[in-house]
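The following note sets out points on helix packing, nonpolar cores and individual residues. Please read it alongside the sequence and the model.

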Amino acid sequence: MNRMAYLTGFAGLIIAAVLAHALAPQLRSDARYKPGEYQAAKESIALSLMGQLQMSVSDLMWLKTLEYLHNGIIYRMPSEREQTHGIHAEEFTGMGAGVAHKDGPSLIPDENRDWRGILGEMNRNIEPWKPGHAHHSDPQELIPWYQVLVKFNPHYVQAYTNGAFFMSDFAGQPEMGRDFLIAGAKKNPWSFEIESSLGRIHFDYFKDYQNAANALAKATELARKEKLSLAKHKDKLDSVQVHILSEAYLFLARSYTELGQFDLALAACDEGIKQVPQYNLLRVQKRIVKKHMSDAATTDK
């Protein structure tokens, strides 16, 4: 009986070996990477990790710029419960479009709101804090932060727009701001925010209305493409982007007006009103353009 079992098992092994040999070409799976595949996978993993590192470092640096702007004090958004008790975030708009932000209460609470007792008192003596809303330091001190930040992550659009604004306005160096944005536009050719900021610098600081119009026209074109792309995913521009787009149309119309190209200025107003109907300054600019057109027609007569 045992002998019969051995013979049967041996025969089964032979049959299995024959079947395996016959099916091997169809079932073979190479578990090892070929040299090219292995290198590609290695590079892909490395790039992925580097991308994560870029984002982590740049996000950390961004938070540090806010902390530096707030004189070392960390602020947070109020909770729903705090809002019911009259504690709200305050809108800070003293730095132009795209730089505006909200400041809530400091992370370290004042004595009246702190339940920690002596531990809270120790915390306030060790860490920087201030009751009430945020007080801001000189923004031009943040310029080196932005210059380093874009080295880590060249696609951090807000670092370019904020940095250029601080360079041009607070540091009084619009050439530096312009060059910073031009470098940012090369790294982010899809960004209407950077093009819009570049147009504003040409308009506000250099009175270079032709280059302003070129940059702002490009900004509005890129914004339209972005809106269409977002709409496909049932998304839309955020409030800051809407404000930047609104001003892009306004200053595009103003640039054309300064150049005496009233038909283009009127078209920019009409397109802007269509894209951002809630922005009433475009309607004001449209009336200004029509007045210029009327005056020009009267002069020609």
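Buried means under 20% relative accessible area, exposed over 50%, and partly exposed in between, with a 1.4 Å probe and protein chains only. This is a predicted model, in which local features need pLDDT of at least 70 and side-chain atom pairs count only at pLDDT 80 or more, while totals for chains, interfaces and linings use all residues. Residues are numbered from 1 along each chain as its sequence is written, and side-chain values use heavy atoms, with hydrogens and water left out.

1. Asp263. By the cut-offs above, Asp263 is exposed, with a relative accessible area of 59%. Asp263 lies in helix α11; helices (H or I, at least four residues) are DSSP runs numbered from the N terminus.

2. Packing of α8 and α10. Helix α8 (residues 192-204) packs on helix α10 (residues 239-258) at an angle of about 40°, and their axes are 10 Å apart. Axes are lines fitted to C-alpha atoms, for helices over the stretch in contact, and angles run from 0 to 180 degrees between N-to-C directions. The two helices, α8 and α10, are therefore oblique to each other: angles under 35 degrees count as roughly parallel, over 145 as roughly antiparallel, 65 to 115 as roughly perpendicular, and the rest as oblique. The contact (heavy atoms within 4.5 Å) includes Phe192, Arg200 and Phe203 of α8 and Leu245, Phe251 and Arg254 of α10. By class, the contact of α8 with α10 has six nonpolar, three polar and six charged residues. Here Ala, Val, Leu, Ile, Met, Phe, Trp, Tyr, Cys and Pro count as nonpolar, Asp, Glu, Lys and Arg as charged, and the others, Gly among them, as polar.

3. Packing of α6 and α8. The axes of helix α6 (residues 157-170) and α8 come within 9 Å and cross at roughly 10°. Helices α6 and α8 are therefore roughly parallel to each other. Their contact includes Tyr160 and Ala164 of α6 and Ile194 and Ile201 of α8. The residues of this contact of α6 with α8 divide into five nonpolar, three polar and one charged.

4. Nonpolar cores. A nonpolar core is a set of buried Ala, Val, Leu, Ile, Met, Phe, Trp, Tyr and Cys residues joined through side-chain atoms within 4.5 Å. The largest has 30 residues, of which Phe192, Leu216, Leu245, Leu252, Tyr256, Leu282 and Val289 touch the most other members. Two or more residues come from each of α8, α9 (209-232), α10, α11 (262-275) and α12 (281-300). Helix α10 gives the most to this core, with nine residues. Apart from this core lies another, of 19 residues, among them Val150, Phe166, Leu198 and Ala215.

5. Arg254. Helix α10 holds Arg254, which is partly exposed, with a relative accessible area of 29%. Not counting residues up to four places away in sequence, Arg254 touches Phe203 and Gln285.

6. Positive phi values. Which loop holds Lys207? Lys207 is found between α8 and α9, and its phi is near 55°, a positive value in a residue other than glycine. Lys234, in the loop between α9 and α10, has a positive phi of about 55° although it is not a glycine. At 82% relative accessibility, Lys234 counts as exposed.
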